[in-house]
Amino acid sequence: MASSSSTLLLPLGSSSGKRISANYQGISCAKVRGVLVRCSNSELTVKAARSRGYMDQFCLMKRRDMIGLLLGVSSLVIDSFEAEGAGLPPEEKPRLCDGSCEKELENIPLVTTESGLQYKDIKVGQGPSPPVGFQVAANYVAMVPSGQIFDSSLEKGQVYIFRVGSGQVIKGLDEGILSMKIGGKRRLYIPGSLAFPKGLNSAPGRPRVAPSSPVIFDVSLEYVPGLEIEEE
């Protein structure tokens with residue numbers, strides 16, 4: 001059989017306004033003035049195959065780009081949650097001691113107890129201190145040494161009520177509140193031996209507290225039910 005490739009040489013003097021067709025093995029060739037037109041069934045088949053191959057590669061690239069985009073978005077979301085879990089909140093949290101209070105703390109004397117607990121009185125309250133076993137109502141902001149908050153009654157919108165000196169809270173908080181007066185505000189520097197023996201896991205908006213690591217509590221003693229303040 002003859003070669004499947006056909007060469008048609010169209011002379012310049014041929015009429016240019018008409019279309020002619022040369023059928024060769026089912027291939028149609030258009031008349032173009034003075035142009036050599038090559039028609040090849042096998043060549044067209046290869047070109048068609050290549051075109052399909054390019055299209056498949058293009059679709060594959062699109063799919064890969066889409067997958068990459070989804071993975072990128074997922075990574076951003078995960079990173080966002082990890083940042084919150086590491087104690088990096090997107091907005092400022094309420095505190096018992098603001099910027100001006102922090103400056104005042106620098107001039108307040110530090111008191112150290114026999115247990116190793118340290119504290120500074122931001123404001124000294126009035127009346128007697130709560131006896132052991134009494135219920136107390138207090139606000140608190142708990143922080144790791146870097147200042148990142150891991151727990152706060154202010155965020156919960158309600159005071160924390162417990163029996164002081166009864167082991168319902170960590171030892172450092174118990175001891176620190178027992179010597180406070182109603183209306184007082186204090187910063188407690190609690191050593192690891194008086195803090196959380198098992199530590200606390202991180203959570204969204206809350207950093208991890210390592211076992212027996214030091215923590216800081218800002219505490220305000222709001223009131224003690226059944227304990228009245230004597231008027232001066």
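This is a short chat about a predicted protein model.

Visitor: What should I know before I start?
Guide: The model is predicted: local features need pLDDT of at least 70, side-chain atom pairs count only at pLDDT 80 or more, and totals for chains, interfaces and linings use all residues. Residues are numbered from 1 along each chain as its sequence is written, and side-chain values use heavy atoms, with hydrogens and water left out.

Visitor: How many helices and strands does the protein have?
Guide: There are 4 helices and 9 strands. Helices (H or I, at least four residues) and strands (E, at least two) are DSSP runs, numbered from the N terminus.

Visitor: In what pattern, along the sequence?
Guide: The pattern reads β-β-α-α-β-β-β-β-α-β-α-β-β.

Visitor: How much of the protein is buried?
Guide: Of the 232 residues, 29% are buried. Buried means under 20% relative accessible area, exposed over 50%, and partly exposed in between, with a 1.4 Å probe and protein chains only.

Visitor: Take Ile177. Buried or exposed?
Guide: Ile177 has a relative accessible area of 0%, so it is buried. Its place is in helix α4, residues 171–178.

Visitor: What is Ile177 in contact with?
Guide: Neighbours within four places in sequence aside, Ile177 is in contact with Pro130, Val136, Ala138, Phe162, Val164, Val219 and Leu221. Contact means heavy atoms within 4.5 Å.

Visitor: Which residues line the largest cavity?
Guide: Ile177 is one of them, along with Ala138, Asn139, Tyr140, Tyr160, Phe162, Leu173 and Val219. Strand β5 gives the largest share of that lining, 3 residues.

Visitor: And the largest pocket, what volume has it?
Guide: About 220 Å³. It is lined by 13 residues, and the closest to its centre are Tyr140, Asp151, Val169, Phe196 and Phe217.

Visitor: What classes are in the lining of the largest pocket?
Guide: The lining has 10 nonpolar, 1 polar and 2 charged residues. Ala, Val, Leu, Ile, Met, Phe, Trp, Tyr, Cys and Pro count as nonpolar, Asp, Glu, Lys and Arg as charged, and the others, Gly among them, as polar.

Visitor: New topic. How many aromatic pairs are there?
Guide: The count is 5 aromatic pairs. In one of them, the rings of Phe150 and Phe196 have centres 5.9 Å apart and planes at 80°, so the pair is edge-to-face. Rings of Phe, Tyr and Trp (its six-membered ring) pair if their centres lie within 6.5 Å; planes under 30 degrees apart count as stacked, over 60 as edge-to-face and the rest as tilted.

Visitor: Where in the chain are Phe150 and Phe196?
Guide: Phe150 is in strand β6 (residues 149–152) and Phe196 in the loop between β8 (185–190) and β9 (215–223), 46 residues apart. Phe150 counts as buried at 6% relative accessibility, and Phe196 is buried at 17%.

Visitor: Which residues do ring pairs link into a cluster?
Guide: The cluster holds Tyr140, Phe150, Tyr160, Phe162, Phe196 and Phe217.

Terms used. 1 Å grid on protein atoms, 1.4 Å probe; cavity = no way out; pocket = protein on both sides within 12 Å on 5 of 7 lines; lining within 4 Å. Points joined across faces, edges and corners; volume = space filled by probe spheres on them.
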